[in-house]
2 protein chains.
Amino acid sequence: MTQESPRKRRAGVLLFERFETLDACGPMEMFGTLPGDFELLTVARESGPVASVHGVRVYADYGFADCPPLDILLVPGGIGSRKELKDPAVLDWLRAQYAAVELMTSVCTGALLLAAAGILDGKRATSNKRVFDEALALSGKVMWIRHARWVEDGNLVTSSGVSAGMDMALAVIERLLGSEKAEFVAQNAEYLWNRDPDNDPFA
Amino acid sequence: MTQESPRKRRAGVLLFERFETLDACGPMEMFGTLPGDFELLTVARESGPVASVHGVRVYADYGFADCPPLDILLVPGGIGSRKELKDPAVLDWLRAQYAAVELMTSVCTGALLLAAAGILDGKRATSNKRVFDEALALSGKVMWIRHARWVEDGNLVTSSGVSAGMDMALAVIERLLGSEKAEFVAQNAEYLWNRDPDNDPFA
């Protein structure tokens, strides 16, 4: 068995107007704690400041046009995702990313964007508890899992609402780099990691 | 007993270069979920983008000079706090804020900044577990509490590391607006709220 040489993965976080602050920033804390393993960047339709639903302006490092190749893409949710759902440029970009990344991940209603792009067709996925009717209406081809903190189906990892994104990010770190690194990150953030994807008290 | 008329509180979050991403963004998610109760803003020495230790650039809405009066100030931690400790302009600004705010709050090593400003003299406070020796060296006048998720002493509320800031923010919301609102916020974020300040598995 040959040991894979370690490589730094580029993790991109999508931003759009009125994204949910913690959907994006929680996982960024987790991936960002391992700068030797992850190069963290933000990307939006155009580079520049993007306001979350709470008015927190986070700067997008890249636009769709100049974003370097990603290994991981994280799609946050938030009320602003409703507008993005109808934007063919966003859905096209997501499809192109999915064809190229190692892992496609989403938090909360970010899964609705992936569903609208057809990326979740035939796949198991989850989302925010309060949007399941909307999710079902959006795509009957997705096997939506109601009771789950996060769901892994191949290279797709979708989490339920907001804070679940941090548990998912730690699970992704564990999957890619082992439990020791994930535990280090959780400990560093003094984060009470819910390690069980089926432990979903909000279902 | 007269019922207080509800008022909107202005909650400011201090930013400085190399702040810890989640120290600032976790509580912003919590306060930001109640836009009828809190006006959320960010403030730094100068307005404009401020990079977290993870390279996440968050835009400071105001500089020290033009920041409107605050009801709550939240001071995050992060490796960048070490530089701020030695900046008289920052310590002076913190002291002036403390004289004016209803609540002064900190997350993680943000408490070291408050200690350096003398704000914690004679008070009970906590901080990140790994900096207690540094905290003790910085100020022997503070009653540092090692085992605590957060500590309230009058109008000072200090939390321990990173994620503890979210538990503290919810406790502040409960203190100011009642448990129903705090539970709503936690539920909305699907956040597993640690409601017990003495429940500190990282001590």
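**Core and helix packing**

Modeller: The largest nonpolar core has 142 residues, and those with the most contacts inside it are A:Leu73, A:Leu94, A:Trp144, B:Leu94 and B:Trp144. A nonpolar core here is a set of buried Ala, Val, Leu, Ile, Met, Phe, Trp, Tyr and Cys residues joined through side-chain atoms within 4.5 Å. This is a predicted model, in which local features need pLDDT of at least 70 and side-chain atom pairs count only at pLDDT 80 or more, while totals for chains, interfaces and linings use all residues. Residues are numbered from 1 along each chain as its sequence is written, chains are lettered from A and ligands numbered from 1 in the order in which they are written, and side-chain values use heavy atoms, with hydrogens and water left out.

Colleague: Which residues is A:Leu94 in contact with, leaving aside its neighbours within four places in sequence?

Modeller: Contact means heavy atoms within 4.5 Å. With those neighbours left aside, the partners of A:Leu94 are A:Leu14, A:Leu73, A:Val75, A:Met104, A:Leu113, A:Leu114, A:Ala117 and A:Ile119.

Colleague: Is A:Ser163 buried or exposed?

Modeller: A:Ser163 lies in the loop between strand 11 (156–159) and helix 6 of chain A. Leaving aside neighbours within four places in sequence, its contacts include A:Leu22, A:Arg149 and, from chain B, B:Ala189, B:Glu190 and B:Tyr191. Buried means under 20% relative accessible area, exposed over 50% and partly exposed in between (1.4 Å probe, protein chains only). A:Ser163 has 0% relative accessibility, so it counts as buried.

Colleague: What is the relative accessible area of B:Glu174?

Modeller: B:Glu174 is placed in helix 6 (residues 164–177) of chain B. Leaving aside neighbours within four places in sequence, B:Glu174 is in contact with B:Ser179, B:Ala182, B:Trp193 and B:Arg195. B:Glu174 is partly exposed, and its relative accessible area is 27%.

Colleague: How do the axes of helix 1 of chain A and helix 6 of chain A lie, roughly parallel or roughly antiparallel?

Modeller: The axes of helix 1 (residues 21–32) of chain A and helix 6 (residues 164–177) of chain A come within 8 Å and cross at roughly 30 degrees. Therefore helix 1 of chain A is roughly parallel to helix 6 of chain A, given that angles under 35 degrees count as roughly parallel, over 145 as roughly antiparallel, 65 to 115 as roughly perpendicular and the rest as oblique.

Conventions: Axes fitted to C-alpha atoms, helices over the stretch in contact; angles between N-to-C directions. Helix = DSSP H or I, 4+ residues; strand = E, 2+ residues; numbered from the N terminus.
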